[in-house]
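Trainee: I would like to learn how to read packing in a model. Where do we begin?

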Amino acid sequence: MTEHKNRILIVEDEVLISFSVKRMLEPFFLSEIAHDYEEAKLLLSHKLFDLVLIDISLSGEKTGLDLAQFINNNISIPFIFTTALTDPSTLEKVTNLKPSAYLSKPVESVNLITAINLALANQDNIFKIEIGKQVYYFQSKDFLFAEADHIYVEIYLKSGKNQILRTTMSYLEEVFPSKYFKRINRSVAVNPYHISKIVNDKLHLEDKVFKISKHF
């Protein structure tokens with residue numbers, strides 16, 4: 001079995017710095033580079049990342065602070081600021097956005113890798129679902145897909161320890177971490193981490209093929 005490597009998005013407008021950071025990450029993580037707000041937003045909207053490294057002073061109209069706000073509002077994954085700015089005004093704005101860390105440039109490799117590992121370790125990957133008096137605990141990345149059948153929803157897990165819950169897809173959509181639970185039609189939601197491919201309106205996950213509805 002191949003080792004799972006977390007995916008990091010590096011958002012840095014200085015080319016030499018971005019490739020230097022990418023080289024620091026290569027032994028430990030998979031990484032991609034975006035050079036401005038719009039490129040980063042596009043990548044984050046179409047690909048899955050576990051963490052984002054954000055330079056505050058990006059070229060263009062929108063800064064790294066704007067990107068952090070976009071992440072907080074839409075994706076809810078951890079991010080780390082890298083910057084040469086240390087003035088009180090910037091520090092106040094940074095604090096309000098709740099980054100996992102704030103690293104001053106030039107960033108040293110050991111500090112960067114440590115900050116990333118701490119941010120990833122602090123993610124709440126185990127979550128619970130309460131249905132009446134029953135409480136169920138799930139590991140986020142163990143979840144494959146959920147399939148509704150009348151008043152029940154079966155939760156399919158990679159570990160094989162599937163659970164049948166008396167609940168609705170709408171309720172699960174509220175309580176599951178959104179990055180791991182995406183509705184693709186009326187009765188099915190999948191974990192995007194386990195999608196192998198999408199061809200036209202067919203989604204392939206493990207040995208299953210699901211039809212994607214245009215309404216979801």
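Mentor: With a definition. Contact means heavy atoms within 4.5 Å. Helices (H or I, at least four residues) and strands (E, at least two) are DSSP runs, numbered from the N terminus. Buried means under 20% relative accessible area, exposed over 50%, and partly exposed in between, with a 1.4 Å probe and protein chains only. This is a predicted model: local features need pLDDT of at least 70, side-chain atom pairs count only at pLDDT 80 or more, and totals for chains, interfaces and linings use all residues. Residues are numbered from 1 along each chain as its sequence is written, and side-chain values use heavy atoms, with hydrogens and water left out.

Trainee: What do the buried residues of H3 pack against?

Mentor: They pack against E1, H2, E3, E4 and H4. The buried residues of H3 are Gly64, Leu65, Leu67, Ala68, Phe70 and Ile71. Take Leu67. Leaving aside neighbours within four places in sequence, Leu67 is in contact with Val11, Tyr37, Ala40, Lys41, Leu44 and Ile54.

Trainee: How do I read the faces of a helix?

Mentor: An α-helix has 3.6 residues a turn, so residues three or four places apart point the same way. Now look at H2, residues 37–46. Its buried residues are Tyr37, Ala40, Leu43 and Leu44. Seen down the axis of H2, they fall within an arc of 135°, so they line one face of the helix. The arc is that of the directions from the helix axis to the C-beta atoms. The face turned away from the buried side carries the exposed residues Glu38, Leu42 and His46.

Trainee: Which elements do the buried residues of H2 pack against?

Mentor: Strands E1 (7–11), E2 (30–34) and E3 (51–55), and helix H3 (64–74).

Trainee: And the helix starts?

Mentor: Look for polar contacts. A polar contact is a pair of N or O atoms within 3.5 Å; within protein, one must be able to donate a hydrogen and the other to accept it, and residues adjacent in sequence count only if both atoms are side-chain atoms. At the start of H2, a side-chain oxygen of Asp36 comes within 3.3 Å of the backbone nitrogen of Glu38. Thr63 caps the N-terminal end of H3, with a side-chain oxygen 3.1 Å from the backbone nitrogen of Leu65.

Trainee: How is a core defined?

Mentor: A nonpolar core is a set of buried Ala, Val, Leu, Ile, Met, Phe, Trp, Tyr and Cys residues joined through side-chain atoms within 4.5 Å. The largest one here has 23 residues. Leu9, Leu44, Val52, Leu67, Ile71 and Phe81 have the most contacts inside it. E1, H2, E3, H3, strand E4 (79–83) and helix H4 (88–97) each supply at least two residues of this core. The largest share, 5 residues, comes from H3. Apart from this core lies another, of 19 residues, among them Ile33, Leu51, Leu112 and Leu120.

Trainee: Is Arg183 buried or exposed?

Mentor: Buried, with a relative accessible area of 14%. Arg183 lies in strand E11, residues 182–183. Its side chain makes a polar contact with the side chain of Glu173, at 3.1 Å. The backbone oxygen of Arg186 lies 3.0 Å from a polar atom of the Arg183 side chain.

Trainee: How do I read a domain interface?

Mentor: The size of an interface is often given as the accessible area lost when the parts come together. The assignment gives domain 1 (7–123) and domain 2 (126–211). Such bounds come from an automatic or database domain assignment. The contact takes 6 residues from domain 1 and 4 residues from domain 2.
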